[in-house]
Amino acid sequence: MPELAEVEYARKRWDAGIGANIIAVELHATKRVFRGTDTRELKRQLIGRRLLSSVARGKQMLFRFGGDNSLGIHLGMSGSMRMEPPGFRAAKHDHLVLRQAKQALVLRDPRQFGRARFHHGKSRPDWWSAAPEIGSPEFTSEYFDDFLARHRRAPVKAVLLLQSGFPGIGNWMADEILWRAHVVPNRRVEKLKAQERTALRRATRFVSREALRIVGHDDSNLPKTWLIHERWSAKGVCPLHKTPLERATIGGRTTAWCPTCQR
DNA sequence: ATAAATGTTAAGAA
DNA sequence: GTTCTTAACATTTA
């Protein structure tokens, strides 16, 4: 279930392994999560190395190891991370297991839309995004408006899903943001008034910050007033006045919105 | 059995 | 050349 905050939560699942050596690496080398990755090199380099630190950017994670080695992880649609006891046996979908003396770090991904990549060297991996994060000082209104301007013909929902401008935003967050900004998801970006763009940017920052604070911290539930709790079910209603939600495919994804709140 | 699922990306169209 | 749309990827669940 990985968007910005779920990714942050997943990243921390491996925190207990920081500072400890990797004594063995087990992986399902032919699985799609390793597409484009040299798994033999990954294994060869990581064994005997210490896990030093980790960072997340949007939906991407980077785990740094000794010897200038790093492991990039993206959870795709169904990826998850967890810790298991040392004697743990990998199941069918546990595609990567990093064994340490006191625990095993596990990456699981049944659908395999996610991926695990390896990078050796001091340089920044070319797959590591440089886009400003939503909570960062670089995410200014100028930057925001400029990004929207470059995608003026697309429906605003589709643009919110672009990781090059909105790192970490996914399907539920995009719907949540649009609902709070009172904008219908299929509005062309060029039709947004300045006031609506401001509302959109505010909602983007609010949803990201609150999700990170609540879900990213300990996987707690978001307040009952949020749209997320209604949008999954076909019978979902607006949290404000119980109007049945509309739904359609926009930007290639199932989208839910309130026809009363959003224009 | 068919459809849909919290994502990305290649390919082709505009 | 850039932007936009859509199909495809692999598996489980409703």
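Which residues do ring pairs link into a cluster? Ring pairs join Phe139, Tyr143, Phe144, Phe147 and Phe166. This is a predicted model, in which local features need pLDDT of at least 70 and side-chain atom pairs count only at pLDDT 80 or more, while totals for chains, interfaces and linings use all residues. Residues are numbered from 1 along each chain as its sequence is written, and side-chain values use heavy atoms, with hydrogens and water left out.

**Aromatic pairs and charges over rings**

Rings of Phe, Tyr and Trp (its six-membered ring) are taken as a pair if their centres lie within 6.5 Å, with planes under 30 degrees apart counted as stacked, over 60 as edge-to-face and the rest as tilted.

| Pair | Centre to centre | Angle between planes | Class |
|---|---|---|---|
| Phenylalanine 139 and tyrosine 143 | 5.9 Å | 55 degrees | tilted |
| Phenylalanine 139 and phenylalanine 166 | 6.1 Å | 70 degrees | edge-to-face |

Helices (H or I, at least four residues) and strands (E, at least two) are here DSSP runs, numbered from the N terminus. Both of these phenylalanines are buried, a word that means under 20% relative accessible area (1.4 Å probe, protein chains only), and for phenylalanine 139 the value is 1%.

A charge is said to sit over a ring if NZ of Lys or CZ of Arg is within 6 Å of the ring centre and within 35 degrees of the ring normal. The charged end of arginine 13 sits in this way over the ring of tyrosine 9, 3.9 Å from its centre, and that of arginine 231 over the ring of tryptophan 232, 4.6 Å from its centre.

**The sheet**

Four strands form an open sheet in the order β2-β3-β4-β8, with antiparallel pairing, where two strands pair if DSSP finds at least two bridges between them. Because β2 (51–57) and β8 stand at the edges, each with a single partner strand, one side of each is left without a neighbour in the sheet. Strand β4 (residues 69–74) is joined to β8 by six bridges, and leucine 71 stands opposite phenylalanine 118 in β8.

How values were computed: Chains lettered and ligands numbered in written order. Buried < 20%, exposed > 50% of the residue type's maximum accessible area, 1.4 Å probe, protein only.
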